[in-house]
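Please look over the structure shown here before reading the notes. They are arranged by topic.

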Amino acid sequence: TTVSPTYAYEIMTDYYGEGLNYTLQKYAYKVSGILNGINDLEYNPKKDDKNPVKYDIKTYQKGKAACKESLQKQLGLEVNPGAPLCAMISRLVDQKGLDLLLYVLDEMLYDGMQIVILGTGDNYYERALVDTANRNPGKMCACIDFDAGLAHTIYAGADIFLMPSLFEPCGLSQLVSMAYGTVPVVRETGGLKDTVVPYNEFTGEGNGFSFANINAHEFLFVTKYACDLYRNHKDVWDKLIKTGMSGDYSWKKSAKEYAGLYSLITGMPLE
């Protein structure tokens with residue numbers, strides 16, 4: 001088993017298989033992908049004591065606005081409700097798409113986005129992010145730290161969550177962000193592809209935004225599109241938030257799938 005249906009397929013290819021892809025292809029009938037869940041007791045904006053304001057799907061507009069203002073003040077960003085606040089909480093390593101982010105970061109800031117990064121990792125990425133933040137006071141904050149409390153505050157206060165991962169077996173941050181009404185922008189890989197349905201302007205369906213290729217400007221254009229909807233199409237943005245907050249990201253569904261799989265293997269019902 002692995003932690004998403006798409007990743008179960010990806011590991012059978014040359015690019016993702018790390019040399020095991022032919023063996024996995026041979027035994028494909030044994031391979032299953034079941035999505036991870038999140039701890040919905042810890043990550044629940046209605047009960048989260050780490051945030052200045054608690055909110056739910058009915059009160060998110062005032063709740064997220066208050067959390068955003070508090071976050072902007074806490075991190076020294078310009079207090080501007082109209083600026084799309086884009087966040088990334090991640091290990092700062094190449095797998096997480098940091099090269100894509102750094103390539104277009106100045107353009108994002110020039111476009112009027114505010115950027116918040118929380119995480120630790122490779123020295124190169126840490127220094128590059130801090131340098132960019134220092135050049136853009138009031139617009140960007142690079143928090144080179146592991147801070148669970150601040151992570152909760154960012155999930156609640158941000159408008160957009162960035163996950164341009166090169167690969168991602170499942171990913172949890174996009175699930176947490178949607179539970180908090182923060183709309184994800186992800187690359188279509190692994191569990192990100194399985195959990196984030198890209199917004200369709202013709203049908204109105206979707207809970208986020210995605211891009212297919214490992215391409216920095218594709219990432220930039222999708223993020224700019226999301227920001228345009230945030231600024232100019234509040235009805236669309238509200239629907240994206242509500243769709244995300246309505247999702248079930250708990251372990252209940254995943255646990256049932258594991259129980260069903262093990263019952264199939266053993267021939268015994270599991271209670």
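The model is predicted: local features need pLDDT of at least 70, side-chain atom pairs count only at pLDDT 80 or more, and totals for chains, interfaces and linings use all residues. Residues are numbered from 1 along each chain as its sequence is written, and side-chain values use heavy atoms, with hydrogens and water left out.

**Helix α6**

- Helix α6 covers residues 123–135, which is 13 residues; helices (H or I, at least four residues) and strands (E, at least two) are DSSP runs, numbered from the N terminus.
- From first C-alpha to last, α6 reaches 18 Å, close to the 18 Å expected at 1.5 Å a residue; the expected span is 1.5 Å times one less than the number of residues.
- Tyr125, Glu126, Ala128, Leu129, Thr132 and Ala133 of α6 are buried. Buried means under 20% relative accessible area, exposed over 50%, and partly exposed in between (1.4 Å probe, protein chains only).
- The cover over these buried residues includes α5 (98–110), β2 (114–118) and β3 (140–143).

**Salt bridges**

- The whole structure holds six salt bridges, a salt bridge being a side-chain nitrogen of Lys or Arg within 4 Å of a carboxyl oxygen of Asp or Glu.
- One of them joins the side chains of lysine 73 and glutamate 69, at 3.1 Å from N to O.
- Both lysine 73 and glutamate 69 belong to helix α4, where they are four residues apart, about one turn of the helix. An α-helix has 3.6 residues a turn, so residues three or four places apart point the same way.
- Lysine 73 is exposed, with a relative accessible area of 55%, while glutamate 69 is partly exposed, at 36%.
- Arginine 135 pairs with aspartate 106 in another salt bridge, and their closest N and O atoms are 3.5 Å apart. This pair links distant parts of the chain, with arginine 135 in helix α6 and aspartate 106 in helix α5, 29 residues apart.
- Arginine 135 counts as exposed because its relative accessibility is 52%; aspartate 106 counts as partly exposed because its value is 44%.
- Aspartate 111 forms a salt bridge with arginine 231, with 3.6 Å between the closest N and O atoms. This pair also links distant parts of the chain: aspartate 111 is in the loop between α5 and β2, arginine 231 is in helix α10 (residues 216–232), and 120 residues separate them.
- Aspartate 111 is partly exposed, with a relative accessible area of 25%, and arginine 231 is partly exposed at 31%.

**Asparagine 51**

- Asparagine 51 sits in the loop between α3 (21–26) and α4.
- Asparagine 51 counts as buried because its relative accessibility is 7%.
- The side chain of asparagine 51 makes a polar contact with that of aspartate 48, at 3.3 Å. A polar contact is a pair of N or O atoms within 3.5 Å; within protein, one must be able to donate a hydrogen and the other to accept it, and residues adjacent in sequence count only if both atoms are side-chain atoms.
- A polar atom of the asparagine 51 side chain also lies 3.3 Å from the backbone nitrogen of threonine 153.
- Leaving aside neighbours within four places in sequence, asparagine 51 is in contact with Cys67, His152, Thr153, Ala156 and Tyr180, contact meaning heavy atoms within 4.5 Å.

**Alanine 65**

- Alanine 65 lies in helix α4, residues 60–75.
- Alanine 65 is partly exposed, with a relative accessible area of 45%.
- Between alanine 65 and glycine 190 there are 125 residues in sequence and 32 Å in space, C-alpha to C-alpha.
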